[in-house]
Structures are given as structure tokens and as C-alpha cells.
Amino acid sequence: MITRFMSLEWKQFLRSSYWQKSIAINILMVFLGLYFITMFLALGVGLFPVLEKMYPDTDPFVQVNNFMFYWLLADLMMRFFLQKLPVMNVKPLLVLPLKKSKIVHYVLNKSASSFFNFLPLFAIVPFSLVLLFKDYQLVQVAVWACSMLVFTLIVNFLNFIIESKSSETEFAFLPIMLLVSGLLALNHFNVISFSGILADGINYIVATPWMVLVPVLLLVGVYWVNFKMLIGKLYIDGALKKGSKEVSTNDLAWTRKLGAIAPFLQLDLKLIWRNKRPRSTILMLVMSLFYGLIFYPNPTYQDMPAMLVFVGIFITGIFMINFGQFIPAWDSGYYNMLMSQNIKYKNYLDSKYKLMMASAVILFVLSIPYVYFGWDILLIHFAAMIYNIGVNTHVLLFGGSFNRKQIDLNKSAAFNYQGTGAVQWIIGFPLMALPILLFYISYKLINYEAGIATLIVLGVLGMVFHQKLMKVIVQCYKNKKYAMIAAFSQSN
Amino acid sequence: MIKAIDISKKYGGNTVLSIANLEIPKGQCFGLVGNNGAGKTTFFNLLLDLIQPSTGHIILNDIQVDKNEDWKTFTGSFIDESFLIGYLTPEEYFYFVGELRGMNKADIDAFLLQFTDIFNDEILGAKKYLRDLSKGNQKKVGIIAAFIGNPEVIVLDEPFANLDPTTQIRLKQLLKNVVDNQEVTLLISSHDLGHVTEVCDRIVVLEKGEIVKDLSTSTETLQELETYFTV
């Protein structure tokens with residue numbers, strides 16, 4: 001039976017639309033994977049000497065165990081956002097003569113083979129080898145490595161329990177945030193020293209190898225809880241169903257004031273708010289507002305204004321870049337309907353333009369506190385905002401007319417490359433690099449103020465010629481109408 | 001009202017539709033029948049300018065659909081679920097379409113009143129997004145939305161499929177009322193021979209993209225169609 005499941009799995013892998021994505025994305029994904037593997041390998045090899053240097057008084061091995069608590073928490077957090085229990089594809093198996101328990105075991109065991117569980121091995125194995133090399137006892141090292149693997153699997157299954165419990169609430173990521181920050185706080189203020197307890201535990205296990213049974217029993221425990229949870233919910237209206245809640249509506253009456261674009265603007269706002277993928281774009285946006293904190297406090301960047309322009313364009317333009325590059329693919333699900341309705345392309349696109357414009361202004365206002373790092377930063381943000389509104393919006397709208405990939409609105413955004421094509425990579429250049437280049441040239445040739453002025457002037461020009469530019473863009477969309485309809489109605 | 005002149009659609013070397021000449025006068029209720037792959041949806045997609053014809057063109061009320069977009073103001077249509085916006089509630093969808101057709105909220109509310117029995121309390125005020133409605137209820141929303149704004153031409157692809165028996169009967173009645181109004185040209189396709197013969201004045205049978213029969217509905221039509229499709 002298992003072999004049959006495996007062969008299904010293999011076919012799913014080989015035949016998935018995943019491989020039909022463009023070559024560029026596959027290469028990127030492979031590079032990402034290799035990157036992480038390399039990082040972990042480096043960690044595994046380098047950890048021992050680094051710790052030896054940093055904490056000459058303690059045994060590096062003990063020190064690693066002291067950090068284990070943070071490692072596991074970070075692991076849990078990452079999994080919560082990136083890993084999902086693969087239940088959806090068992091639906092066709094339900095009506096076949098298979099025991100439910102078998103299906104559940106299969107799903108759970110499959111989750112154990114995820115990339116997230118293999119990744120730590122790339123650090124654990126080299127670290128263990130280093131330990132052996134440094135004359136630690138083979139038994140101890142083996143026990144340690146085994147218990148690390150068991151801990152990883154415990155986190156794996158614990159994550160699914162947390163996910164399934166918190167998916168019932170409105171803000172699904174709140175429970176895990178509270179849990180993790182609560183544990184960290186308790187630990188930090190020494191109310192309960194989890195990191196100490198865990199370290200003592202691991203040291204004890206290493207000293208008395210049969211105690212490895214404790215984490216193993218724990219693993220069996222979380223597995224069993226998962227099993228019980230799933231087997232009761234293996235109905236198409238249970239775990240296999242995507243939730244449908246009673247919805248509240250808002251007629252967004254204030255948009256009326258905007259005239260002809262009002263219906264489209266309402267549609268866009270609802271699109272963003274009611275669908276998983278655009279909504280998670282908003283979440284990323286909040287995080288990227290803090291992006292400046294990486295650069296501004298660092299004095300090395302203060303002498304590199306071109307770098308600051310990059311940050312400015314990024315901070316005030318993050319929404320338009322994330323949202324704008326997938327115009328009109330956001331509407332791909334009902335593009336046929338829009339095209340047979342009595343609509344003007346101009347209004348449709350204008351609404352997207354206004355939305356991007358508003359986002360730039362709002363993000364600029366939100367980024368005002370960065371004035372703490374100097375007035376010049378505020379000035380750069382302002383220039384970047386004007387440039388974004390005047391130039392980048394039009395570039396994005398124009399680039400959109402080349403979009404041929406449809407988007408399923410209900411999948412979340414992290415690591416989701418659906419809808420991404422060559423367009424997105426090509427368009428990245430004029431969006432980010434061009435303003436930096438323009439700034440840099442006039443900064444080098446004339447001075448700093450001239451660089452800022454260049455961006456502002458270009459932005460203002462874009463705004464002045466907005467109507468003319470829109471006419472050209474609308475014509476592009478009209479010319480490509482059939483190609484877009486055909487591409488959007490192809491499901492993945 | 002509608003003229004298809006020498007229209008054809010090819011994919012690769014494969015001709016999926018080829019109609020030399022088809023004229024549909026104003027006020028007619030036109031039914032399109034044919035087995036899967038006969039070209040019914042292709043014809044409607046060409047009519048709505050969603051795909052480009054390989055040869056020929058379609059003229060809607062003196063407007064060539066692939067040259068000028070003005071036909072959109074007087075044409076209502078529902079082809080499939082891709083005409084629905086999944087993340088809107090049914091009300092919001094109706095208001096959206098209404099707005100595109102120059103009707104405000106109050107107009108739409110008044111307009112929807114006449115369909116209360118078709119909605120059967122499951123659609124309006126259900127506080128659900130369209131994507132969470134059942135297939136049948138989604139279809140109802142799409143069909144009703146095609147009637148918004150007093151269109152002169154209404155195109156419905158398989159309106160009866162997926163509907164429950166009660167709604168099928170009610171929809172049939174509704175379509176008959178529409179036909180009685182001589183201002184509206186109605187185009188439907190269906191696999192249910194009984195329904196189309198009951199509703200339509202004229203039935204065209206497509207096979208492999210070509211017109212094989214063009215009948216004015218009479219008492220014998222149903223019999224004739226059934227004989228034709230019994231192979």
C-alpha cells in the first residue's frame with residue numbers, strides 16, 4: 001500500500017504545475033535551496049570554533065545546548081508561516097477502500113519528510129563530526145544527534161497542532177506570536193529559565209543515553225495528538241474544507257467622491273482585503289516599513305546616498321511594487337466578465353493608479369519618523385515618493401499589459417511565485433535600478449541636491465503627462481486583450 | 001440585430017467553428033444545441049469578443065464587435081463561473097454590475113425584487129461570498145446579473161445546467177417573459193432539448209462547428225431533435 005502512495009506522490013511531484021513554471025523561477029528556487037543548505041553546512045562546521053572563541057570558559061558543546069531553546073522556537077515560528085500539513089490532496093482517497101487511519105498515518109509520515117526536517121541535518125551532522133574530531137565520545141555524540149532529530153520532529157508535529165488550533169480564530173498568527181513571545185519573556189526575565197532547563201535536559205540525556213526515551217515518548221505523544229485530531233476531521237466539511245465564515249460588508253461609501261473610478265476602487269479594496277494572497281502582501285508591507293532600520297543607523301551607508309535612494313524607493317513603493325506588478329493578473333479569475341462588461345479600460349486602470357498613488361503617500365507619511373536619522377532621509381523619501389507616483393506607477397501599469405499568468409487569490413504570498421513570469425524580473429530593473437542610477441549620475445556630476453531634484457522633476461513630469469501616458473497604456477492593454485483572456489482562462 | 005458573416009475559428013489546423021451566414025432578427029429567442037465540442041461556447045465567445053475570429057466577423061446592431069466596443073452597453077451575458085467575482089457577496093456583485101450599467105443601489109434593489117422566488121432566500125442576505133455559494137446558486141447570480149440594465153441582447157451559455165428542478169421551471173418562465181418583450185434578443189445554448197424547444201422560437205443545431213439544422217420551433221421540433229441526436 002505504502003508503495004502505491006509513494007508512486008502517487010512521485011507522479012504528483014513530476015506532473016505538478018510547479019515544473020511548468022518558468023525556468024528562471026525554478027533556478028531561483030534551486031538557488032534558494034542551495035543557499036540555505038550551504039548556510040546550515042557552514043553553521044555546522046563553523047559553530048564549534050566560533051563558540052570556542054566567543055566563550056572560552058565554557059565547553060562549546062554545552063553552549064550549543066544552552067542556545068537550543070531559541071533555535072527550536074525560531075524553528076517553530078518559521079514552520080508556522082511556511083509549512084502546512086499536506087491534507088488537501090487526500091480528498092480523492094476518502095471514497096476508496098482504505099482505512100482512515102492509514103490515510104492519516106500516511107499524511108503525518110509524509111510531513112516528516114519535508115524540507116524543513118532535512119535542513120537541520122545539514123547543520124547537525126557536520127557539527128557532530130566536528131565533535132568527534134575534537135575527541136568527544138561516539139556514544140554521546142550519537143545520542144545528541146538523535147535527540148536533535150527527535151526534537152526537530154517534535155517541533156514539526158507541534159506546529160501542526162498549533163496551526164489547527166489557531167486556524168479557528170480570526171487572527172491566525174496571534175496565538176503563535178503570544179506563545180513564542182510569552183516563552184521568550186518568561187525565559188528572559190528568569191521567571192522560568194526554559195533555555196536552562198532544556199540545556200540541562202539535553203546534557204542529562206547525553207550523560208545517560210537511555211534517557212533519550214523521554215523526547216522519543218514526547219514525539220510519540222505529539223504524533224498521537226495529531227493523529228487523533230486529524231482522524232476526527234477527515235471529512236470534506238472538516239479539515240479538508242476551506243473555512244467559510246459569515247461575512248460583513250462595507251459599502252465604502254467614501255469612494256463615491258472619486259467619480260467614475262469608484263466601482264473599480266471598491267473592487268480593488270475588497271480584492272486586497274478579502275483574499276489571502278493580497279492580504280499577506282499587506283502584512284509584508286508592514287514589515288518592510290522597518291527595512292530602513294537596517295540601513296539608517298549604520299554609518300557606512302550615510303556616505304552612500306545612492307543606497308539611501310534605494311531604501312527610499314523601496315519603502316515608499318513597496319505596496320505598488322507588490323501590487324502593481326501583478327496588474328491585471330489579480331483580476332484574472334473574472335477577466336472574461338470585465339471584458340464583456342460595459343467598462344472603460346481607462347477607469348479600470350485609473351483606479352489601480354490612484355490606489356498605488358495613495359499607497360505611496362501613506363507609506364511616506366508612515367515613514368516620517370525616520371527623520372530621527374536626519375532630515376536628508378526625509379527629503380530622499382519625499383523625492384522617492386514623487387518619483388514612484390510619477391514614473392514607477394506608469395512603468396508598472398505598462399508592464400502589466402505583458403502579464404500572462406493567472407493568480408489564484410486564495411494562496412498566501414510567502415514563497416508563492418504563481419503569476420510570476422519574466423515580466424516581473426525585467427520590470428524590477430527600471431523600478432529600482434533606474435532611479436538609483438539617475439540619482440547617482442546627477443549626484444556625481446553635479447551634487448546631492450541635483451540628484452534629489454532629478455527624481456522630483458521626473459516624478460512631476462510623469463504626473464503632468466499622466467493622461468497622455470494613460471492613453472498609450474490603455475492602447476497596449478487593448479491590443480493584448482485576447483492574449484490576456486486566453487492566458488487567464490488557462491488554469492494551472 | 002445579429003449578423004455572423006463567414007465567421008470561423010481555427011486552433012492550429014483544427015476548425016472548431018465555421019458559419020457562413022447566420023442572421024438573428026431583433027426580438028428572437030435563439031437556441032443553440034449540439035454535443036460537447038460542437039462550438040456553442042466558441043460562438044458565444046466570438047459574439048462577446050472574448051476570442052478573435054480566424055475569418056469573418058460578427059455584427060451586433062450595426063456594430064462590428066471586434067472593432068468597436070459600444071455593443072457592451074446593450075449586451076448582458078453569462079458564460080461560466082469566470083464571470084463571477086468570487087470575493088464579493090451576491091449583493092455587492094449586483095451593485096457592481098449595476099454601476100457599470102448606470103444603475104444605482106436603489107435601482108438594483110428594486111430590480112432584484114422581481115427575482116425573490118428564484119433566489120429562494122439563499123442568495124440575498126446570506127452573508128456569504130460568491131466563491132462559497134453552491135454551483136447552482138452561483139449560476140443563478142450570474143444569470144440574473146446578465147439581466148441588469150435592460151440589455152437588448154442577452155447571451156446565456158447553458159443556463160439550465162446545475163440548477164434545481166424548481167429553479168429550472170422558474171427560469172424557463174422568466175425567459176419566456178423576456179421573449180414576450182419583443183425588444184430583447186435572447187441567445188441561449190442548452191443540452192436539455194425539452195427546455196430549449198419550450199423557450200426558443202428558433203433552434204440551430206451545431207455539429208463539429210457547422211450548422212446542420214436551422215428550425216423554427218413547432219410542435220414537432222422536439223421529436224425531430226430527439227431523432228437527430230439518437231445515434
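The structure is a predicted model. In it, 23 residues of chain A are in contact with 26 residues of chain B.

- Leaving aside residues up to four places away in sequence, Ala145(B) touches Phe78(B), Tyr93(B), Phe94(B) and Val97(B).
- As a general background, nonpolar side chains in soluble globular proteins tend to be buried together.

**Contact between the chains**

- The contact involves 23 residues of chain A and 26 residues of chain B.
- On the side of chain A that touches chain B, at least two residues each are supplied by helix 10 (262-274), helix 15 (335-340) and helix 21 (481-488) of chain A.
- Helix 10 of chain A gives the most to this side, with five residues.
- By class, the side of chain A that touches chain B consists of 11 nonpolar, nine polar and three charged residues.

**Helix packing in chain A**

- Helix 14 (305-324) of chain A and helix 17 of chain A have axes that come within 8 Å and cross at roughly 35°.
- The crossing of helix 14 and helix 17 of chain A is right-handed.
- Residues of helix 14 of chain A that make the contact include Leu308(A), Val309(A), Gly312(A), Ile313(A) and Met320(A); from helix 17 of chain A, they include Ile377(A), Ile380(A), His381(A), Ala384(A) and Leu396(A).
- This contact of helix 14 with helix 17 of chain A has 11 nonpolar and eight polar residues, and no charged residues.

**Sheet of chain B**

- An open sheet of six strands in chain B has the order 6-7-8-3-9-10, with mixed pairing.
- Strand 6 (75-78) and strand 10 (210-216) of chain B are the edge strands, each pairing on one side only.
- From one strand to the next, the twist averages 15°.
- Strand 9 (residues 202-207) and strand 10 of chain B run antiparallel and are joined by six bridges.
- Ile203(B) stands opposite Leu215(B), which lies in strand 10 of chain B.

**Helices lying across strands in chain B**

- Helix 5 of chain B lies across strand 6 and strand 7 of chain B, and runs at about 170° to strand 6 of chain B.
- Helix 8 (residues 221-229) of chain B lies across strand 3 (29-33), strand 9 and strand 10 of chain B. The angle of helix 8 to strand 10 of chain B is about 160°.

**Backbone features**

- Ile327(A) and Pro328(A) are joined by a cis peptide bond, with omega about -5°. Pro328(A) is placed in the loop between helix 14 and helix 15 of chain A.
- Asp6(B), although not a glycine, has a positive phi of about 55°. Asp6(B) is found in strand 1 (residues 2-11) of chain B, and is exposed because 12 other C-beta atoms lie within 10 Å.
- Asn150(B), likewise a residue other than glycine, has a positive phi near 45°. Asn150(B) is found in the loop between helix 5 (135-146) and strand 7 (153-157) of chain B, and is partly exposed, with 13 other C-beta atoms within 10 Å.

Conventions: Residues are numbered from 1 along each chain as its sequence is written. Chains are lettered from A and ligands numbered from 1 in the order in which they are written. This is a predicted model: local features need pLDDT of at least 70, side-chain atom pairs count only at pLDDT 80 or more; totals for chains, interfaces and linings use all residues. Two residues are in contact if their C-beta atoms, placed from the backbone, lie within 7 Å. Helices (H or I, at least four residues) and strands (E, at least two) are DSSP runs, numbered from the N terminus. Ala, Val, Leu, Ile, Met, Phe, Trp, Tyr, Cys and Pro count as nonpolar, Asp, Glu, Lys and Arg as charged, and the others, Gly among them, as polar. A residue is buried if 20 or more other C-beta atoms lie within 10 Å of its own, exposed if 12 or fewer, and partly exposed in between; C-beta atoms are placed from the backbone. Axes are lines fitted to C-alpha atoms, for helices over the stretch in contact, and angles run from 0 to 180 degrees between N-to-C directions. A crossing is left-handed if the near helix is turned anticlockwise from the far one by less than a right angle, and right-handed if clockwise. Two strands pair if DSSP finds at least two bridges between them.
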